[in-house]
Amino acid sequence: MEVIIDNMVSFLDQHLSPELVAFLVSMLPVVELRGGIIAAYALGIDWLPALLICTLGNMLPIPFVLLFGRKLVDWMKKFKLFRRIANRMENKAHEHSMKKFKLLGLFIFVAIPLPGTGAWTGAFVASILNLRMKDALPVITAGVLTAGLVMLILSFGLLHSIGIG
């Protein structure tokens, strides 16, 4: 993933400001805030503006995912080509949810900065589980901020302390 981020950042950096590059990278599914923080570090953005820019970039699409994720799954079920994928996603989301701990589980899932986790996937899971936006959005935001702090420590703190950057 680091190579992809490096290539994307170097291409965008030729045409856009470093802050806009970090913002746009953070908006992308899969890459999200994790990649945005790495990009911000590589572009020389200070840690606090990096956290704010990347959090905003990561969170901008999330209300739309929460609003339309369920509709997308229902639409996919209408077509034989996508039906199995939609059912698998839905079953996986329900299988891993426990009624009592849905929001805590959502927070932990979003907060752990690993591939396959994050705000996009968390919002999609929340929409499949029919969580209300007023409940899911603050939890996802808290998870993104937590993941951002972890990434800041890893990118700005750890990398700097071992002499990289």
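Reader: What makes the crossing of α2 past α3 right-handed?

Author: The near helix is turned clockwise from the far one by less than a right angle. So α2 passes α3 in a right-handed crossing. This is a predicted model, where local features need pLDDT of at least 70, side-chain atom pairs count only at 80 or more, and totals for chains, interfaces and linings use all residues. Numbering starts from 1 along each chain as its sequence is written, and side-chain values use heavy atoms, without hydrogens or water.

Reader: Which residues of α2 make the contact?

Author: A22, V25 and S26 do (contact: heavy atoms within 4.5 Å). Among their partners in α3 are L33 and A39.

Reader: Why is E90 called buried?

Author: Its relative accessible area is 12%. Buried means under 20% (1.4 Å probe, protein chains only). So E90 counts as buried. E90 sits in helix α6 (residues 80–95).

Reader: What makes the link between E90 and R70 a polar contact?

Author: Their side chains come to 2.3 Å. The limit is 3.5 Å, for a pair of N or O atoms, one able to donate a hydrogen and the other to accept it. So the pair qualifies.

Reader: Why is α8 called largely enclosed?

Author: In α8 (residues 119–128), 7 of the 10 residues are buried, so the rest of the structure largely encloses this helix. F124 and I128 are among them.

How values were computed
Helices (H or I, at least four residues) and strands (E, at least two) are DSSP runs, numbered from the N terminus. Buried means under 20% relative accessible area, exposed over 50%, partly exposed in between (1.4 Å probe, protein chains only).
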